[in-house]
Amino acid sequence: MQIRTATIADLEKIAEVEAICFPPAEAASKESFAKRLQVYPEHFWLLEDDGKLISFINGMVTDEMTIRDEMFADANLHNPTGAWQAIFGVNTLPEYRCKGYAAMVMRHVIEAARRQGRAGVILTCKAEKIAYYQKFGYEILGVSESVHGNAVWYDAILRFS
């Protein structure tokens, strides 16, 4: 197993895994990923098993403490010097779930954000995932203003201090 940051050459694999992991209304498009990879490829962490992409986390950096829907669509809202590492998606292929792989990538992202001097990490999640993120120390702030994919999301924050 190896965790690395992405390049534009990973676009096809990333889009394929996203389409498997999220319903169509919530999944980022290949075009959206292409823009994100052009602006902030170092904020895509890929877990590979013998060269096969099995899990990944991606998201921009921002000074905002919660995720707005506009962030998913506009990669240029990325602020490289921002305080918060946002997580837009935690993707793991179904056959690799419940084996600790997403947690491995999450811990890696959290440590990367610490090393970069961020204030913490932010994300949105559905109600059934709240307990999972709380295991990492995320605090649930309540129902998010995000209506991405016409779903109900909860804002979560992991503060480093």
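1. Strand β7 is covered on both of its faces: G120, I122 and T124 are buried on one side, and V121, L123 and C125 are buried on the other. Here "buried" means under 20% relative accessible area, "exposed" over 50%, and "partly exposed" in between, with a 1.4 Å probe and protein chains only. In a regular strand the side chains alternate between the two faces of the sheet. Counted along the strand, six of the six residues of β7 are buried.

2. A word on the source: this is a predicted model, in which local features need pLDDT of at least 70 and side-chain atom pairs count only at pLDDT 80 or more, while totals for chains, interfaces and linings use all residues. Residues are numbered from 1 along each chain as its sequence is written, and side-chain values use heavy atoms, with hydrogens and water left out.

3. Where does β7 sit in the sheet? The open sheet has five strands in the order β4-β5-β7-β9-β8, with mixed pairing. The edges belong to β4 (61–62) and β8 (139–143), each of which pairs on one side only. Helices (H or I, at least four residues) and strands (E, at least two) are DSSP runs numbered from the N terminus, and two strands pair if DSSP finds at least two bridges between them.

4. Now to the neighbours of β7. With β5 it runs parallel, joined by four bridges, and Q85 stands opposite V121. With β9 (residues 154–159), β7 (residues 120–125) pairs in the antiparallel sense over six bridges. Two of the positions to look at are G120, whose bridge partner in β9 is R159, and C125, which stands opposite Y154.

5. Helix α4 (residues 101–115) packs on this sheet, touching β5 (84–87), β7 and β9. Its direction makes about 160 degrees with that of β5. Contact means heavy atoms within 4.5 Å; axes are lines fitted to C-alpha atoms, for helices over the stretch in contact, and angles run from 0 to 180 degrees between N-to-C directions.

6. Please look at E48, in strand β2. Is E48 buried or exposed? E48 counts as buried because its relative accessible area is 8%. Its side chain makes a polar contact of 2.9 Å with that of R4. A polar contact is a pair of N or O atoms within 3.5 Å; within protein, one must be able to donate a hydrogen and the other to accept it, and residues adjacent in sequence count only if both atoms are side-chain atoms. Leaving aside neighbours within four places in sequence, E48 touches M1, Q2, R4, K13 and L53.

7. Two loop residues have positive phi. Most residues other than glycine have a negative phi. D50, in the loop between β2 (44–49) and β3 (52–58), has phi near 55 degrees, and is exposed at 80% relative accessibility. C98, in the loop between β6 (89–92) and α4, has phi near 65 degrees and is exposed at 86%.

8. Finally, the largest pocket has a volume of about 750 Å³. Of its 34 lining residues, F22, V90, N91, K129 and Y133 are the closest to its centre. Which element gives the most to the lining? That is β6, with four residues.

Key. 1 Å grid on protein atoms, 1.4 Å probe; cavity = no way out; pocket = protein on both sides within 12 Å on 5 of 7 lines; lining within 4 Å. Points joined across faces, edges and corners; volume = space filled by probe spheres on them.
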